[in-house]
Amino acid sequence: MTVESTAARKTTRRSSGTKRTASASAKKAQGSPNSEPELVQLLTPEGERVQHPEYDIDLSAEELRGLYRDMVLTRRFDAEATSLQRQGELGLWASLLGQEAAQIGSARALRDDDYVFPTYREHGVAWCRGVDPANLLGMFRGVNNGGWDPNSNNFHLYTIVIGSQTLHATGYAMGIAKDGADSAVIAYFGDGASSQGDVNEAFTFSAVYNAPVVFFCQNNQWAISEPTEKQTRVPLYQRAAGFGFPGVRVDGNDVLACLAVTRSALERARRGEGPTLVEAFTYRMGAHTTSDDPTKYRRDEEREAWEVKDPILRLKAYMEREGHADAAFFEELETESEALGKRVREAVRAMPDPEHMAIFDNVYADGHALVDEERAQFAAYQASFADGEAE
């Protein structure tokens, strides 16, 4: 399986010049008709390197290859998980297709002692924190509640309740500040979650208590079927000003810019200067989850316009142009990618089937009449299938 989609292969690339200077930062309209929010960008969709006066970064060829490898393997694992769900091996899957740069760039800005609070789509961040992909799939198969120790790699369990992890992150950040630690916390959430009260409460607490936390919003422009313009009249990053801390919008398909901006925000937090809101402006290329059909609410032309901004292809174009990677590197990575897909596939198929009644266990420590009633109803529903087979 290759990382290049058919539509993305058709993208034309400019070959003239490999580095230029951006005036202040790239511009992209979003929000009200007259708004022109700044967009931090270091790598154009054509793979051309640009500079930014405030956020710039100098990476070695080895570091660039590492970022590329992370994105490719994350995409391969994500694609395998989607296939496994379609084959009935998983109950659900939330794909990150198109958001690899936002996740890998921000995650590689973290130190080992920083703490991460994810949602349920941060598979690339989990990869960077050393979480085995098979553990992620175990949760979506229903055989575990996460499968990893959050304290072993400072990566919290996936959070399904929308936005609640931002409060957890803020509280944790307040705690480490009181302990005198110089580590930082990052909380991931989407544009849809930004409309939740929990997120706004987290903004208030973090600002008042000057908590060392970075709020990383992956604005993929669709909260399931609701577009961003149905949620806000201003660009999301501008909301931070109302709470008293800075916000910045970054090209979420530019792994270099995501790395540079997140690193800066984390360093600011460690210096005791409080929270930052980073809005990674990206696009959800696939469905919200495998139970969703995006063709019902968005046009194919919209997706096609974003396919030419593919985060993996733009980094590949830059590395090839600058001689940072050769054909052997890409061939070896393709082999590694297929091996990862095979390992994940075999791991999932070796997992037991989920216990149907386990969902009712441990809801309450001492039991509850309503849960008991629901357990009985579900047991009767499951038994009806067996009765049908007997007939």
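## Salt bridges

A search of the whole structure, which is a predicted model, turns up 23 salt bridges (a side-chain nitrogen of Lys or Arg within 4 Å of a carboxyl oxygen of Asp or Glu). One of them pairs Arg 141 with Asp 353, with the closest N and O atoms 3.1 Å apart. Arg 141 belongs to helix 5 and Asp 353 to the loop between helix 13 and helix 14 (369-390), so this pair ties together parts 212 residues apart in sequence. Helices here are DSSP runs of H or I, at least four residues, numbered from the N terminus. Arg 141 is buried at 9% relative accessible area, while Asp 353 is exposed at 59% (buried means under 20%, exposed over 50%, partly exposed in between, with a 1.4 Å probe and protein chains only).

## Helix 5 and its surroundings

Helix 5 (residues 133-141) has 8 of its 9 residues buried, so the rest of the structure largely encloses it. Those buried residues pack against helix 2 (61-86), helix 4 (123-128) and helix 13 (327-349). At the start of helix 5, a side-chain oxygen of Asp 132 comes to within 2.9 Å of the backbone nitrogen of Ala 134. After the helix comes Gly 142, with a positive phi near 90°.

## Reading the numbers

Local features need pLDDT of at least 70, and side-chain atom pairs 80 or more, whereas totals for chains, interfaces and linings use all residues. Residues are numbered from 1 along each chain as its sequence is written, and side-chain values use heavy atoms, leaving out hydrogens and water.

Methods
Helix = DSSP H or I, 4+ residues; strand = E, 2+ residues; numbered from the N terminus. Contact = heavy atoms within 4.5 Å. Polar contact = N/O pair within 3.5 Å; in protein donor to acceptor, adjacent residues only side chain to side chain.
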